Structures are given as C-alpha cells and as structure tokens.
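Please review the following briefing, which is grouped by topic for a reader working with the coordinates at hand.

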Amino acid sequence: MKILHYDPFAGISGDMNLAALIDLGVSPAHLRSELHKLGLGDEFDLDISTDARNAIHGTRVDVRLRHHGHDNGGEHPHGHHHHGHRNLADITAIIEGSGLDEAVKKTSLKLFGLVAAAEARVHGTTVDQVHFHEVGATDSIVDIVGAAICLHSLGVDEVWASPVELGGGFVRCAHGVMPVPAPATEAILHGVPTTRGCTTHEATTPTGAAIVAGLADRFVDAPRMAVRRTGYGIGHRETEQPNVLRVHLAEADAGRDAPATREARMLQCNIDDMTAEALGAAMDLLMENGAMDVHFTPIQMKKNRPATCVSLLCSPDEEERFKDLLFRHTATLGIKSFRLEKTELERSFTTVQTPLGPVTLKNAHLGGEVIRSKPEFSQCQELARRNGISLAEVYAMVERSRK
C-alpha cells in the first residue's frame, strides 16, 4: 500500500505543505496549470525555489499576491491580506465553477468546511455567516486547493500523520492577540494527537491544521513503513529547531497491523504531604508535558498515614526530564524507576458529521480491522451542554450518524 506520511515535528502551514509535496516529486508545472483553473491567475504568482534550514535542504514556496500591490511572501500566519472577506459560499462557487477534477473539488471543499466549522464554533456563529478574514484570502485558497491537487497527483492509497507540533506563545490576527494554538487551529485539531512548546511561535496555522486533519486517514506515533522518498518543505522563519515540514512516500510494512511493542519507563513516588488540589495540578502539568500516562493510587504509608502513589509512564529517553519535573512539582524526595514493555493497539481518528456538528471517533486497530470506536468524550460533553441534552442522547446521535 502506497502511503503519504506527514511528520510535522515543526508544525505545518499551507505553503510549507505545498513546498514539501513539490520536494517529494509533484510537478510544479502540473500544480500551476491546475491552479490556473480556479480563474484567480491575476491575483497571485507562485514562486518556487530551493532553500535550507539547519543544513536541511528542500523546497520553498511563496504565494505572492498581486492585487493592491500587496506581496505577502508566503503564508504569514494570521496575516491581514483580505480579498472582500470571502465567505464559504464565495469559495464554494470558485471551486465548483472551476475546471478541476471532481476529486480535487471534493477534497478542497472538505478542507474549507473544516475551517468554516471551527471558525463558527470559536466566534459563536453559523458556518454560512463565517467570513474568512484570513483563510478567505487568495493565498490560502491557493494553499488549500493546491494541497488537494498535490495529494491526488501522488496517487497514494492512504495518508498517515504523526503528532502535530503547535508551537507556543501568542499571535496577532484580525481579532487581536490570541494564544498559540489559535482557537480555530485548536478546534480543527480536536481529537488529533498534538505536541506543544517546541517553539515560541505559531508552528501550525489554521490552514495547515485543516490540511493535516482533513487529509490524514490515521494518526500513528511510530508508523511501520518502508520509506521510498522524503520531501522537505522549508518554512519562512529562522528558528533554533529546523523550521521544515517533512513528508514521506512510503510502502506500508506487512506487519503494520500487529500491536506495536516498545520499551518504556514507569516512574513512581509515594507522597503523604500534598493536598488533593496540588496533586491534581501536578498531574495536569505532567500530562501537558507529554507523559504517556499518569495515575494515582491510594496507599497506606508508615505511621498509618494515608498517602498517594504517583505513577508516570514515559519513554526511556524522557526519563530524566520527567524525574526533574516530579522533583520540582511534587513533594517527593525519591523516585523509583522500572523498565517495562508497552504493547499498544494502533489508533486512528475519523470524523462523524452529526446534526449537532462534527464528532471525532478514536479507532483501535487489531489485525487490520477496527475492533473499537469511541467518540471523543470532551466533544460529546460540549455538544450536550450547548444543546441542553443528555450525554446519552449525544452518544445515540453519534451512533445513528455512523450508520
């Protein structure tokens, strides 16, 4: 099976995606000729060049706008290049009225739908009323439709992705200063595995989030595959970590459906002098820092003191970092470490459209088949709260929508 695998360790934006797929082998002439079918040729130029970050060489793409003499030099996250504040109906008309293949149209509209739904949720409005202050700009139309063109030209059987780095800090956009990830980016990536804090800027834009969330058939931490070709899309920032998007063309390993077993570490410490509130805050912090799992067990210590055993699961290379976090953020004076193996089912994520909105399903795979699918609890809880119905009614609605 032919796989396109995204490895967004430094995040993903629309222009980085185009650059990476071109570097992987998509013909620039094919991309330009297909984009010309949108009828927006007088609004932009597509500049393709070679570039490097931290000695990693790849391709760079700049979508240069012509109208109003504005040259944006690529997708600057949350820029202010407006074009009449296009809404979803305007964008749909442009795509549907083009000469693009039906498959490319369908994929493009799916990606824009993800962004529209997220913007509507964030701003408390409907999909039809959303005006795309950023994503409606010409360069983002090029980025999203270009992503669909490139995907279909590669002729892959499935798209896989590793966890998506979101970045950190704050970003200025049309609505003012926003935390990273921007609310729309976070909404698009509900249910998708992510990481944070690798950089202090916006590593993944709403456009990039929609591309990876909309194209990926499954999210895999440690994919079993034979890589045939690697492409690098060079970002526009100079950062300490290489600001590149890595993508692979690969063939699925024959043994990919067997449960993966990997080495891990269990760190444990016994605590009898922290409040429940403080322990809860420590668990939140440890999970936010990437622990595989954290759980508490009530125990009885010496002097008949009720206490809590804190257990943290992490990879071997993260052991020292988590020991440091445990010493700094709990009252423990000692930590036990156990070597173990963790066997886990492969997981993937799919989206079900319900009458109340999209819900992400987490699927567990064994022997090449999905043996369990579970709706994301937080999304169902929010839909129940927002619509004044019970959680059971939301789950029933998800089940009906799956059939």
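**Hairpins, a helix and selected buried residues**

β17 and β18 form a hairpin with two residues between them, and Gly367 in the turn has a positive phi of about 60°. The model is predicted: local features need pLDDT of at least 70 and side-chain atom pairs count only at pLDDT 80 or more, while totals for chains, interfaces and linings use all residues. Residues are numbered from 1 along each chain as its sequence is written, and side-chain values use heavy atoms, with hydrogens and water left out. Helices (H or I, at least four residues) and strands (E, at least two) are DSSP runs, numbered from the N terminus.

- Strand β17 (residues 357-366) runs antiparallel to strand β18 (residues 369-375), and six bridges join them; two strands pair if DSSP finds at least two bridges between them.
- Within this pairing, Asn363 stands opposite Ser373 in β18.

**Hairpin β6–β7**
- Strand β7 (residues 176-179) is antiparallel to β6 and is joined to β6 by four bridges.
- Two residues link β6 to β7 in a hairpin, and Phe170 stands opposite Pro179 in β7.
- In a regular strand the side chains alternate between the two faces of the sheet.
- Buried means under 20% relative accessible area, exposed over 50%, and partly exposed in between (1.4 Å probe, protein chains only).

**Helix α2**
- Leu31, Glu34 and Leu35 are the buried residues of helix α2 (residues 28-35).
- They lie on the same side of α2, because they cover an arc of only 95° around the axis; the arc is that of the directions from the helix axis to the C-beta atoms.
- The buried residues of α2 pack against α1 (14-24), β2 (44-53) and α5 (138-154), where contact means heavy atoms within 4.5 Å.

- Asp62 is located in strand β3 (residues 56-65) and counts as buried because its relative accessibility is 3%.
- The side chain of Asp62 makes a polar contact with the side chain of His236 (3.0 Å).
- A polar contact is a pair of N or O atoms within 3.5 Å; within protein, one must be able to donate a hydrogen and the other to accept it, and residues adjacent in sequence count only if both atoms are side-chain atoms.
- Ile144 belongs to helix α5 and is buried, with a relative accessible area of 0%.
- Ile144 and Gly124 are 20 residues apart in sequence and, C-alpha to C-alpha, 24 Å apart in space.
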